[in-house]
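Here are some notes on the voids in this model and on one helix pair. Please read them beside the coordinates.

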Amino acid sequence: MASIKLNTGHDMPQVGFGLWKVANATCADTVYNAIKVGYRLFDGACDYGNETEAGEGVTRAIKEGLVKREDLFIVSKLWNSFHDGDQVEKICRKQLADWGIDYFDLYIVHFPVALKYVDPSVRYPPGWAVDGKDDVQTSNASIQETWQAMETVKEKGLAKSIGVSNFQGSLILDLLRYAKVRPATLQIEHHPYLVQPTLLALAKEQGIAVTAYSSFGPQSFIELEWQKAKDTPVLFEHPVIVAIAEKVKKTPAQVLLRWATQRGLAVIPKSNDPKRLLQNLEVTDFDIADEDLKAISGLDRHLRFNNPTDYLGTLHIFA
């Protein structure tokens, strides 16, 4: 399996399985079956609310001898409500317990915004609002405070690598001024409608690996009934993507994923369909012509779907 060498020296599989929106009822079986197919990286998060079930799938696969723990690359994320320096390690330990493991291969700051703390005994995962409805309140934790606590998590062996997600260039440059441990990865929304070439250039310049999420553009957000996604042409049916898929004899989904992996990014698609599950994994063993890569990048609309401004009306982190 193709991998990316992180700045910590660890190898990260280039293709993983994303656990966002995987239903609790099916999550354990989904993870177990993905391991059987060949997936080794699983991208989870506190906010997805399915870490216990994902861990059950991992435990079953290990018990049956399909894999050893060290064969897997398990990723999780620090939610916004736990950015205060004295909460980071505690919540990381809770997440590890939910997964039933001793360490994360990669632990990521999910969003560059600190929200008011919600005790896990009150509501977990806490979501965006402190009251579980619509009252979004920030905390005073700085990114520096949070990152220094993340460094402690790594120092204590709770995570082999640490990274960031949804960060823009200026924040990354600021973080690098005080970081004792540089971010190993940057996870961002990345698809042909949101290419972000200068952010990719910055990450490459700084030795930070990039993982793309929502590789299929509006697809995941159409499922959420988001109007912006509904109003956007589906990438699977876009003439440029379809023509290239026919040329390389692959599916449009495979073309979209290869567009990313061929340019050095990691991807974390998900599928409940056994056939597509395997197809999504097979996106590092064929090449797209340079002019076709450029044609796909040329579809850029600077169109972001995962924007708190749109679904919260506040926290304008991409302003």
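**Notes on cavities, pockets and a helix contact**

1. The largest cavity has a volume of about 50 Å³. A cavity here is a set of points, on a 1 Å grid over the protein atoms alone, where a 1.4 Å probe fits but cannot get out. Grid points are joined across faces, edges and corners, and a volume is the space filled by probe spheres set on the points. The structure holds three cavities of 30 Å³ or more.

2. On provenance: this is a predicted model, where local features need pLDDT of at least 70, side-chain atom pairs count only at pLDDT 80 or more, and totals for chains, interfaces and linings use all residues. Residues are numbered from 1 along each chain as its sequence is written, and side-chain values use heavy atoms, with hydrogens and water left out.

3. Lining the largest cavity are 14 residues; Met12, Leu41, Thr211, Ala266 and Ile268 lie nearest its centre. Lining residues have an atom within 4 Å of a point. Strands are DSSP runs of E, at least two residues; helices are runs of H or I, at least four; both are numbered from the N terminus. The lining has nine nonpolar, four polar and one charged residues. Nonpolar covers Ala, Val, Leu, Ile, Met, Phe, Trp, Tyr, Cys and Pro; charged covers Asp, Glu, Lys and Arg; the others, Gly among them, are polar.

4. The largest pocket holds about 940 Å³ of space. Of its 43 lining residues, Trp20, Lys21, Ser214, Ser220 and Lys270 are closest to the centre. A pocket is an open set with protein on both sides within 12 Å along at least five of seven lines. Helices H7 (219-222), H10 (252-261) and H11 each contribute at least two lining residues. The classes are 19 nonpolar, 17 polar and seven charged.

5. The second largest pocket has about 330 Å³. It is lined by 13 residues, with Leu200, Lys204, Arg263, Gly264 and Leu265 closest to its centre. Helix H6 supplies the largest share, five residues. Nine lining residues are nonpolar, two polar and two charged.

6. Helices H1 (24-37) and H11 (274-281) pack at about 55°, axes 10 Å apart. That angle makes H1 oblique to H11. Asn33, Ala34 and Val37 of H1 meet Leu277, Leu278 and Leu281 of H11 (contact: heavy atoms within 4.5 Å). Five of the contact residues are nonpolar, one is polar and none is charged.

Technical notes: Axes are lines fitted to C-alpha atoms, for helices over the stretch in contact, and angles run from 0 to 180 degrees between N-to-C directions. Angles under 35 degrees count as roughly parallel, over 145 as roughly antiparallel, 65 to 115 as roughly perpendicular and the rest as oblique.
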